[in-house]
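Here is a walk through one structure, taken from its aromatic rings to one of its helices. Please keep the sequence and the model in view.

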Amino acid sequence: MPISIIKKLFGTEDKKLDKGVHNNIIKNTAKKIFSPYGLKQKGHSRSFIYDNNWWIILVEFQPSGWGRGTYLNVGCNWLLYERDSFAYDYGYRQKGFIEFENESQFTKECIKLANLALNKVKECNKVFPNIKQIYKHVIKDIDNNNIWGTYYAAVLSGLVGDKERASTCFNIIKEYKAQWDWEIAVKKASKKL
């Protein structure tokens with residue numbers, strides 16, 4: 001029988017262990033490592049944002065429904081489509097689930113995760129120093145069966161002055177067979193543009 005079950009059965013489990021201690025370790029460690037680089041915590045969450053004006057980088061210490069610990073997600077959102085939530089337009093999962101075992105172990109893991117995240121943020125800023133680099137990235141990955149890729153290619157093409165490509169991409173979206181509500185919304189947004 002596992003030690004944790006024996007401790008629970010016989011009442012020797014550490015009653016002082018705060019169930020949210022792992023959240024505090026994540027947030028405090030990330031704040032300490034990120035604040036000199038301009039990443040801001042989103043409210044009281046386990047998410048941190050690096051703001052590049054019209055695009056952002058999100059660092060998310062994603063919780064799990066089945067255990068205490070975290071996943072690490074880092075990625076960019078181009079902010080070229082109005083929505084109520086964040087979408088990863090570039091990047092996403094950086095590290096699988098790291099489980100909280102004890103404070104010492106988890107603090108060390110969080111330091112590693114925060115430093116990995118910070119390096120990914122720096123990498124994104126280096127890869128995408130300006131709108132033209134994002135445009136080059138997006139058009140290289142255009143897939144006519146992917147409405148998001150085509151939408152971003154259309155908008156970015158217009159922003160960098162490539163009117164021909166913008167027109168072509170908007171026409172592809174116009175002919176796209178939308179089935180889901182979000183696809184219909186993307187088609188409406190592109191029609192306005």
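Ring pairs link Tyr81, Trp148, Tyr151, Tyr152 and Trp182 into a cluster. Rings of Phe, Tyr and Trp (its six-membered ring) pair if their centres lie within 6.5 Å; planes under 30 degrees apart are stacked, over 60 edge-to-face, and the rest tilted. This is a predicted model, in which local features need pLDDT of at least 70 and side-chain atom pairs pLDDT 80 or more, while totals for chains, interfaces and linings use all residues. Residues are numbered from 1 along each chain as its sequence is written, and side-chain values use heavy atoms, without hydrogens and water.

Helices are DSSP runs of H or I, at least four residues, and strands are runs of E, at least two, numbered from the N terminus. Arg83 lies over the face of Trp148, 4.5 Å from the ring centre; the criterion is NZ of Lys or CZ of Arg within 6 Å of the centre and within 35 degrees of the ring normal.

Helix α4 (residues 131-140) has Ile134, Tyr135, His137 and Val138 as its buried residues. Buried means under 20% relative accessible area, exposed over 50%, and partly exposed in between (1.4 Å probe, protein chains only). Seen down the axis of α4, these residues fall within an arc of 165°, so they line one face of the helix; the arc is taken from the directions from the helix axis to the C-beta atoms. On the other side of α4, Lys132 and Lys140 are exposed.
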